[in-house]
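This report describes one chain, shown below.

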Amino acid sequence: NLLILPGVTDRRGEVESLAKLLRRHRVDQLQARSLCIDPAPYLALAAGRGAGGEAIGVSEMLRVFRKAAPWLCVGNFARAKEERSS
């Protein structure tokens, strides 16, 4: 699971670090989920932390991941109630 908050998770340095991790460990599936949180306090807390760089956008972030690990399956793999086994 990768929790995504645009402007944080999609910063160039974070994306490059995550792409290296995906390649190094041959991760085959990435479930992308929105981090449902009030962004103002989170951004205040996260300011100046992490790998940094400019925000490149979530679509570009996922494109970089797919290029780094072509075998990677990216999606949201939650199942509807009627699809779950009992």
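## A loop residue and its surroundings

V8 is placed in the loop between β1 and α1. Helices (H or I, at least four residues) and strands (E, at least two) are DSSP runs, numbered from the N terminus. The model is predicted, so local features need pLDDT of at least 70 and side-chain atom pairs count only at pLDDT 80 or more, while totals for chains, interfaces and linings use all residues. Residues are numbered from 1 along each chain as its sequence is written, and side-chain values use heavy atoms, with hydrogens and water left out.

V8 counts as buried, at 17% relative accessibility; buried means under 20% relative accessible area, exposed over 50%, and partly exposed in between (1.4 Å probe, protein chains only). Leaving aside neighbours within four places in sequence, V8 is in contact with E14, Y42 and L43, where contact means heavy atoms within 4.5 Å.

R49 lies in the loop between α2 (39-46) and α3. In contrast to V8, which is buried, R49 is exposed, with a relative accessible area of 60%.

| Pair | Separation in sequence | C-alpha to C-alpha distance |
|---|---|---|
| V8 and G53 | 45 residues | 9.5 Å |
| R49 and V8 | 41 residues | 9.6 Å |
| M61 and E14 | 47 residues | 9.4 Å |
| R23 and V58 | 35 residues | 19 Å |

## The chain as a whole

The chain has three helices and three strands, and from the N terminus on its elements run β-α-β-α-α-β. Taken along the principal axes, the C-alpha atoms fill a box of roughly 45 × 30 × 20 Å. Of the 86 residues in the chain, 26% are buried. Among contacts between residues at least 6 apart in sequence, 87% join residues at least 24 apart.

## Helices α1 and α3

The axes of helix α1 (residues 12-24) and helix α3 (residues 58-68) come within 9 Å and cross at roughly 30°. Axes are lines fitted to C-alpha atoms, for helices over the stretch in contact, and angles run from 0 to 180 degrees between N-to-C directions. The two helices, α1 and α3, are therefore roughly parallel to each other; angles under 35 degrees count as roughly parallel, over 145 as roughly antiparallel, 65 to 115 as roughly perpendicular and the rest as oblique. The crossing in which α1 passes α3 is right-handed, a term used if the near helix is turned clockwise from the far one by less than a right angle.

Which residues of α1 and α3 meet? On the α1 side they are V15, L18, A19, L22 and R23, and on the α3 side M61, V64, F65 and A68. By class, this contact of α1 with α3 has eight nonpolar, no polar and one charged residues. Here Ala, Val, Leu, Ile, Met, Phe, Trp, Tyr, Cys and Pro count as nonpolar, Asp, Glu, Lys and Arg as charged, and the others, Gly among them, as polar.

R23 is placed in helix α1 and counts as partly exposed, at 41% relative accessibility. Apart from neighbours within four places in sequence, R23 is in contact with A68 and W71.

The buried residues of α3 are M61, L62, V64, F65 and A68. Seen down the axis of α3, these buried residues fall within an arc of 155°, so they line one face of the helix; the arc is that of the directions from the helix axis to the C-beta atoms. An α-helix has 3.6 residues a turn, so residues three or four places apart point the same way. The buried residues of α3 pack against β1 (2-4), α1 and β3 (73-75). The face of α3 turned away from its buried side carries the exposed residues S59 and K67.

M61, in helix α3, counts as buried at 0% relative accessibility. Not counting residues up to four places away in sequence, M61 touches L2, I4, T9, D10, V15 and I56.

R26 is placed in the loop between α1 and β2 (29-34). Phi of R26 is near 45°, a positive value in a residue other than glycine. R26 is exposed, with a relative accessible area of 53%.
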